[in-house]
Amino acid sequence: MILDVNKSYYLVDQHSGKGLSYEVYANYDYVREVNGNGTKIKFEDAGNASYRIKMTSSHWDNYTYFTRSGKSWIYLDTKENASTWHVSDTTSFFGISSNDAFCVYQAGQIDPHYWTYFEKGSKKWLVTDGTNEAKRFKFVEAE
């Protein structure tokens with residue numbers, strides 16, 4: 001899938017219909033599932049069919065890029081520290097045909113680190129330790 005880097009999108013979970021946004025924890029914004037479409041994001045071409053993903057707002061200036069922590073959590077950090085991500089249709093990896101659902105995984109890894117959730121209480125936090133549990137997202141163009 002080739003995303004238009006000049007457009008903004010919402011990332012909406014295919015099954016729950018909920019989007020992604022951010023919440024403060026331990027002095028960083030961490031990405032989690034929320035009601036509604038969530039926060040707009042933009043994709044930046046990082047070369048080799050990969051992207052840096054930027055949330056269009058956050059609690060701290062310049063800390064807007066999806067970054068994988070050493071413990072697999074997705075938080076917002078600076079562009080210099082940002083992780084790079086691949087976007088794949090679900091047929092390639094899971095044999096599930098869908099024209100509008102995609103998986104996201106970290107670029108440059110031998111074993112792909114797919115996006116999935118860690119549930120704590122009523123909240124679902126975005127993490128990257130999924131393989132068969134990878135979440136599928138719709139990329140909804142924002143106006």
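Start by selecting S8 and K42: the bridge partner of S8 in β4 is K42. Now widen the selection to strands β1 (residues 8–13) and β4 (residues 41–47), which run antiparallel and are joined by two bridges. Strands here are DSSP E runs of at least two residues, numbered from the N terminus, and two of them pair if DSSP finds at least two bridges between them.

A word on what you're looking at: this is a predicted model, where local features need pLDDT of at least 70, side-chain atom pairs count only at pLDDT 80 or more, and totals for chains, interfaces and linings use all residues. Residues are numbered from 1 along each chain as its sequence is written, and side-chain values use heavy atoms, with hydrogens and water left out.

I41 has M55 as its bridge partner in β5. At the turn, two residues sit between the strands of this hairpin, and N48 takes a positive phi near 55°.

Now for the pocket. Select Y25, Y30, W73, F118, K120, K123 and W125, which line the largest pocket. A pocket is an open set of points on a 1 Å grid over the protein atoms alone, where a 1.4 Å probe fits, with protein on both sides within 12 Å along at least five of seven lines; lining residues have an atom within 4 Å of a point. About 200 Å³ of space lies in this one, counted as the space filled by probe spheres set on the points. β10 (114–120) and β11 (123–130) each supply at least two lining residues.

Definitions and conventions:
Helices (H or I, at least four residues) and strands (E, at least two) are DSSP runs, numbered from the N terminus.
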